[in-house]
Amino acid sequence: MATFLYKLGRTAFRRRRLVALLWVALLAIAGVGAATAPTATSSSFSIPGTEAQRAFDLLEERFPGAGADGATARVVFKAPEGQKMTDPAHKAVVEETVAALRSGSDQIVQVTDPYTAHAVSQNGSTAYVSVSYKVNAMELTDETREALTQAGLGAQGKGLTVEVGGDALQSMPEQGASEAIGIVLAGIVLVITFGSLVAAGLPLLTAIIGVGIGVSTVTALASVLDLGTTTSTLASMIGLAVGIDYALFIVSRYRSELAEGRTKEDAAGRAVGTAGSAVVFAGLTVVIALVGLAVVNIPMLTKMGFAAAGTVVIAVLIALTLIPALLGFAGDKVVSRKQRKGAAEASDKPNGGTRWARFVIRRPLMVLIVGVLGLGAIAVPAASLEMGLPDDGVKPTSTTERRAYDTLSDGFGPGFNGPLLVVVDGDKATADRTVSTIKGLDGWAAVTPATPNKAGDAAMITVVPKDRPSSAATEDLVHDIRDATGDDVLVTGATAMNIDFSQKMNDALVPYLALVVGLAFVLLTLVFRSVLVPLKAALGFLLSVVAALGAVVAVFQWGWLGGLFGVEQTGPIMSMMPIFMVGVVFGLAMDYEVFLVTRMREAYVHGQRPGEAIVTGFRHSARVVTAAAVIMIAVFSGFIGMDDQMIKMIGFGLAAAVLFDAFVVRMAIVPAVLALLGRKAWWLPKWLDRILPDVDVEGEGLAEPAGGPGAAKPDLVKA
């Protein structure tokens, strides 16, 4: 592999104009595709194989045109203190609002009158109008949303407090500012690392090109493939982080090769042949982790994984081709002034990485114990993990959706924000028996009479729980209804969907871990030709991801330091968070493992003792790995400022995971374990050694003739 990549790097360096032109052309084509593609009109969410999904499918079949999975809204009215919504003046305002809503859009299925639908609170202070739409939230037109908002504003000016809630107000999260923050912070780190504006600019430029191609492609295909609004956000988040990191490693290795006196073309070839090999395998681990999300069998999650994996593949290809091409354009400007003055021996001088590695080697057991206990303590809150899907109750109090949520809770009880929809596959007698059965259970606040379809072979029943949608009592009610009724009765609704989604995530976690960790173990065994090094890498990852989940629980569920991160309302952790973090963080964690440990193995293969190899690996890689981790943390942290609770939580979780994995696991626990294992760390059974293909990540296949390091054909990479 090293030989092939070496040739690829030199070819890209020589044909730099053609390579650069091809990538610019790809960016232009993707941009045109995104600009001309129809607007994404669907963001469907389905959970195949669950009762909640079967109920939705039955509703679509038996109640055609009812918009079972369509958007919903609630316009909530609150009378002034001492007055009631049944007062004639207030009643007239509500009826005007109902009329305005019904005539405001042809996308509306139904608008209920609160006075005929029993939607007035017992004390008369609160009433609400339910609005059902034919299409889901992302298919609503701007005119429809505007009509909903204006209807609320019109009533607001007539003496009533009016708030609007529901997913009909859902909009695409703004992501430009978040990306800009991450890019600026990444640029500062790169300038400090390289001491050259040109060298710092190359990773930023290529990462932006890669993300531009990836996100534009996702946008162009969004309508055809039914991609959700968060797909492009997550693709850009991951693509930007790995794109900068992969380019950073290639540029860093190129400068190192120049410092050894090689020609620019030869240095570019060697950088791609050695660091590029690590990039390929690091990228493969990320792709495996993201594509493996398909195991969960949640279409939305699968599409998110594939889209993000696509941006990672683009980042790898750009690092292997566009980076050496741009290095050819950059000339001497890619190195710092100090390096231009001939400080070639600088790479052999002790630096911070060298001093840290020697400290760890002297006290490996102490470093190991402190690292494991520290992450273990941070991981403790993960034992209290409660999962659910975010609703209006976790939005900032400044939003009308959150105020509508709170007003409904105060007027009708917390369960009104998460009603259950019971679908009966049977006649009226079956539906009536189901109503009686449900009323015999505990935990409900209201049960509506059965509403049959036109054919009389199915019916809908609405059950309002006593407790809030995310409570254990509401979950118990869902299970009780399912246990007490037959197979012809199905429970759905947002609350039941959340329960089924969480259960599906839990059931898929172990198989997903087995698949991803197993494939990555095989891949890392190929790279390091060792059994213990991949095993240690996987165990270290598990420690860091559990610690990151602990931090997420502490902030978003318990509220610790919540104000610092803009968390106004605590609640359950998003159901997909654990498995999504496992997928993304595993791939990113293996990046640092590959980049750091391949340099150690490179030194060990070339004759250094295990301890010396650890020091050499840190001398060459610690600074760059540190910069890469800081950049990833900066990119992910930029998304913490977004209003969307899901994106905020993912950004925080990924930033915390990278912090723990890069600086505790890879920089402390990994060298400590390697120091304790010594030569045993690189042990590989002879029978396995014979059957494993030699991928030559260390570049041993690069042969240098007697002419010296500047000759066209290089030799063993010098440690």
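Start with the sheet. Four strands, in the order E2-E3-E1-E4, form an open sheet with antiparallel pairing. Strands here are DSSP runs of E with at least two residues, helices are runs of H or I with at least four, and both are numbered from the N terminus. Two strands pair if DSSP finds at least two bridges between them.

Select 108-111, strand E2, and 161-165, strand E4: these stand at the edges. Each has a single partner strand, so one side of each lacks a neighbour in the sheet. On average, neighbouring strands are turned by 20° against each other, direction ignored. (Axes are lines fitted to C-alpha atoms, for helices over the stretch in contact; angles run from 0 to 180 degrees between N-to-C directions.)

A word on the model: it is predicted, so local features need pLDDT of at least 70 and side-chain atom pairs count only at pLDDT 80 or more, while totals for chains, interfaces and linings use all residues. Residues are numbered from 1 along each chain as its sequence is written, and side-chain values use heavy atoms, leaving out hydrogens and water.

Next, select residues 72-78, strand E1. This strand is joined to E4 by 5 bridges, and the two run antiparallel. Find Arg74: opposite stands Gly165 in E4.

H5 (residues 142-156) lies across E1, E3 (126-133) and E4, at about 160° to E4. H14 (residues 400-412) also packs on the sheet. H14 touches E1, E3 and E4, and its direction makes about 110° with that of E4. Contact means heavy atoms within 4.5 Å.

Move to helix H6, residues 176-194, and pick Ile192. Is Ile192 buried or exposed? Ile192 is exposed, with a relative accessible area of 61%.

Last stop: Arg529, in the loop between H17 (494-528) and H18 (532-557). Arg529 is buried, at 12% relative accessible area. Its phi is positive, about 50°, though Arg529 is not a glycine.

Terms used
Buried < 20%, exposed > 50% of the residue type's maximum accessible area, 1.4 Å probe, protein only.
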